[in-house]
Amino acid sequence: MKKQDIFILAIESSCDDTGAAILKGNTVLSNVIANQEVHAKYGGVVPELASRAHQQNIVPVVQQALEKANVDKKQLSAIAFTRGPGLMGSLLVGTSFAKSLALALNIPLVDVNHMQAHILAHFIKDDNNKIPSFPFICLTISGGHTQIVLVKDYFDMEILGETIDDAVGEAFDKSAKILGLPYPGGPLIDKYAQKGNPKAFRFSKPKVEGLNFSFSGLKTGILYFIQKSLKESPNFIEENLHDICASIQHTIVEILMDKLKTAVKQTDIKQIAIAGGVSANSEIRKQLELAQKHWNWKTYIPKFEYTTDNAAMIGITGYLKYLQDYKAPSSVSAKARLKVTE
Ligand code: KG4
Ligand code: ZN
């Protein structure tokens, strides 16, 4: 079969977004996502509400993906789905759905590691996009993970460093919560930071060995700073929101860039990609563009829609596995904990 005749239906349900995508070869025909508003008022994802919403959303989301792509179920070559890591109740909805549909259509099933998929999203073919060659370094930054990964081949990866406590997305979201902003606060910090002075307030950066990260101390530092400032001036947050957000964002991005510089020194690899929800952040994007100019790095920044959780990234990973003749065993099951190297 020619690569362009391969149609993959991909399903993503690891956390709070239900996604379905159709790929034709390495191009995306549709990429549908249903966000779950239900969690905002709880200040974080409530696992039981997430799995129920996935159950409500999955059939309409898949139907929409097929319709938008103008593809019939009978044309599908394989079904790819997120096996893990993620919330067990959420993963089970996508896994059961994918297994049943593959069985009904009598086509192969391909399980996908969500963390590999964030990285492999760079191999989606778009108009004029740059595709990294091996080896490259990927900084995966999301609500659940912060890792520097050496990518030697599609499915040959090595973790060079990772967070020892909170993920960078949590650092954004928890800081936002301290400021009274709704969940997820990362994009809001980014928005308010646009008009703020990044040097207005200083927060101390953690000292962590090698290429590992730590963000819990920063969160505590921000909390104490805000509590102290509110005692002195009750309207401190409202009066300084833009500057506070810009300063928090500046500190977090500096921590990330410092580690990337160390990784480049250690490996002598200057091809740098970013992946995961936090790579939507405008400051990290700006800093990487500057690094490309000043230090001759070759940087790869995914299209906005492929940064946060989406099914297209599951589809490209499923496609790459399918090309290697991979088929999931019929006993395949969801796995809440799964390393990028598994
Ligand atoms: O990859 P993702 O969609 O889900 C996980 O697998 O975790 O990442 C979600 C995270 C959240 O913490 C969210 O606040 C953060 O990405 N995020 C951002 C921005 N957009 C999303 N953080 C900072 N700036 C942004 N523009
Ligand atoms: Zn993710």
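**Conventions**

I number residues from 1 along each chain as its sequence is written, and chains are lettered from A and ligands numbered from 1 in the order in which they are written. Since I am working on a predicted model, local features need pLDDT of at least 70 and side-chain atom pairs count only at pLDDT 80 or more, while totals for chains, interfaces and linings use all residues; side-chain values use heavy atoms, with hydrogens and water left out.

**Entry 1: domains and their contact**

I looked up the division of the chain first, and found domain 1 at 3-124 + 306-323 and domain 2 at 136-301, with bounds that come from an automatic or database domain assignment. I noted 28 Å between the C-alpha centres of domain 1 and domain 2. To their contact (heavy atoms within 4.5 Å), domain 1 gives 17 residues and domain 2 gives 22 residues.

For the area buried between domain 1 and domain 2 I have about 1,600 Å², with 77% of it on carbon and sulfur atoms; buried area here is the accessible area (1.4 Å probe) that two parts lose on being put together, summed over both. I then searched for salt bridges between domain 1 and domain 2 and the count is zero, a salt bridge being a side-chain nitrogen of Lys or Arg within 4 Å of a carboxyl oxygen of Asp or Glu. The count of residue pairs in polar contact between domain 1 and domain 2 is two, both at pLDDT 80 or more. By polar contact I understand a pair of N or O atoms within 3.5 Å, where within protein one must be able to donate a hydrogen and the other to accept it, and where residues adjacent in sequence count only if both atoms are side-chain atoms.

On the side of domain 1 that touches domain 2, α3 (114-120) and α9 (312-323) each supply at least two residues, and the largest share, five residues, comes from α3. I take helices (H or I, at least four residues) and strands (E, at least two) as DSSP runs, numbered from the N terminus.

My accessibility classes are buried under 20% relative accessible area, exposed over 50% and partly exposed in between (1.4 Å probe, protein chains only). Leaving aside residues up to four places away in sequence, Q271 touches P132, S133, F134, P135, F136, I137, K298 and Y300. Of these, Y300 is 29 residues from Q271 along the chain, and their C-alpha atoms are separated by 7.7 Å.

The side chain of Q271 reaches the backbone oxygen of P135 at 3.5 Å. P135 lies in the loop between α3 and β6 (136-141), and I found that a cis peptide bond joins F134 and P135, with omega about -5°.

**Entry 2: salt bridges**

Side chains of opposite charge can pair when their charged atoms come close. I searched the whole structure and found 12 salt bridges. One of them pairs K219 with D166, the closest N and O atoms being 3.1 Å apart; K219 lies in helix α6 (residues 216-232) and D166 in the loop between β8 (156-162) and α4 (168-178), so the pair ties together parts that are 53 residues apart in sequence. Here K219 counts as partly exposed at 23% relative accessibility, whereas D166 is buried at 9%.

I also found a salt bridge between the side chains of E170 and K174 (3.4 Å, N to O), two residues that both lie in helix α4, four residues apart, about one turn of the helix. D166, E170, K174 and K219 are linked in a network of salt bridges.

**Entry 3: other backbone features**

I noted a cis peptide bond joining Y183 and P184, with omega about -10°, and placed P184 in the loop between α4 and α5 (186-193).

Where does N296 lie? I found N296 in the loop between α8 (282-294) and β10 (298-300), where its phi is near 65°, a positive value in a residue other than glycine, and N296 counts as exposed at 62% relative accessibility. Phi of D325 is likewise positive, near 65°; D325 is in the segment after α9 and counts as exposed at 70%.
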